[in-house]
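Colleague: Let's work through this model one point at a time. Where do we start?

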Amino acid sequence: MDDRYGTDVLARGWRDAGRKKPAQVTAAVDLVVEVAGDGYVGAVTRVDGMNVELEDRFGKRRLFPLGGGFLVDGAPAVLTAPAPAAKGRTRTASGSFAAADQRARTARASRIFVEGKHDAELVEKVWGADLRAEGVVVEFLEGVDLLEQKLDAEPPTAERRYGVLVDHLVPNSKESRIADKIARGRHGAHVRIVGHPFVDVWQCVTPRALGISAWPEVPRGIEWKIGVCRALGWPAEEQADTARAWQHILSKVTTFRDLEPALLGRVEELIDFVTVP
């Protein structure tokens, strides 16, 4: 016998027996929906958390909770949030594709030396992810004058190459003379010395990143960093002031685009040199 009313009127869902369930519809942008019982008709403009924003033909926008209570093409519908968009491959600050496995590689014997603490911090901020992936350690020298002594203490080899980044590496400078001497010496085959033309690594950050038109010209006889701070209206009375100035500059660097090409190419060259199989 066909029991049209069911055998248990108290069973769960008895009120919905025979009713068609509303369709689950993704609240995609430009989908036109009607708010049941309200009569408001609009197109989806965005989903904000658990709410959907609709815009009517007059340009007026209203927020409604996602879920039931909507009509799509005249039929009851439950609006749901769109699935999160699939993320593409991310890039590191240097512009390289980030590896799926971010675990640092065991450190190589090869090293990259930079002249000072600020240089090391800048290289770490932009190329840190790449260097960890390659297992390259960056050390600072506190001056290119100490490079030859460092090389004598731990001589480079074909398996332990050294890349060196030097400030103000221009013709006829002290830095260029030291670099030429080392390149011609017994360590030269396994050492690559490159540099940028700026007085200090601060200038490797583009003026655009700092919101200034250009780096200030500092007269001879004035310590360069102090002169820069004074010209830009920053405190410059003690060493802590220049340290804070550098942290401000460094905070403005988020990607390789915030650095001058004269530095970018040289660091990439050193990474290639010390990671040669």
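Predicted model: local features only at pLDDT ≥ 70, side-chain atom pairs only at ≥ 80, totals over all residues.

**Burial, packing and strands**

Colleague: Tyr40: buried or exposed?

Modeller: Buried means under 20% relative accessible area, exposed over 50%, and partly exposed in between (1.4 Å probe, protein chains only). Tyr40 has 8% relative accessibility, so it counts as buried.

Colleague: What average pLDDT does the protein chain have?

Modeller: pLDDT is the predictor's confidence in each residue, from 0 to 100. A score of at least 70 is reached by 87% of the residues. The chain average is 86.

Colleague: How many helices and strands does the protein chain have?

Modeller: Both are DSSP runs, numbered from the N terminus: helices are H or I with at least four residues, strands are E with at least two. The protein chain has seven helices and eleven strands.

Colleague: How many aromatic pairs are there, and what class is Tyr40 with Phe64?

Modeller: Rings of Phe, Tyr and Trp (its six-membered ring) pair if their centres lie within 6.5 Å; planes under 30 degrees apart count as stacked, over 60 as edge-to-face, the rest as tilted. The whole structure holds six aromatic pairs. For Tyr40 and Phe64, the centres are 5.6 Å apart and the planes at 45°, so the pair is tilted.

Colleague: How many residues apart are Tyr40 and Phe64?

Modeller: Tyr40 sits in the loop between β2 (32-35) and β3 (41-48). Phe64 is in strand β5 (residues 61-65). The pair links distant parts of the chain, 24 residues apart.

Colleague: What class is the pair of Phe113 and Tyr162?

Modeller: Their ring centres are 5.0 Å apart. Their planes stand at 50°, so this pair is tilted.

Colleague: Which strands hold Phe113 and Tyr162?

Modeller: This pair also joins distant parts of the chain, 49 residues apart. Tyr162 is in strand β10 (residues 162-166), and Phe113 is in strand β8.

Colleague: What is the handedness of the crossover from β8 to β9?

Modeller: Two strands pair if DSSP finds at least two bridges between them; four bridges join β8 to β9, which run parallel. The chain crosses from β8 through α1 to β9. A crossover is right-handed if, with the strands pointing away from the viewer, the path from the first strand over the helix to the second runs clockwise. This β-α-β crossover is right-handed.

Colleague: Which residues does Thr275 touch, beyond those up to four places away in sequence?

Modeller: Thr275 lies in the segment after α7 (261-274). It is buried, at a relative accessible area of 17%. Contact means heavy atoms within 4.5 Å. With residues up to four places away not counted, Thr275 touches Arg108, Glu134 and Val136.

Notes
Residues numbered from 1 in each chain as written. Heavy atoms only, no water.
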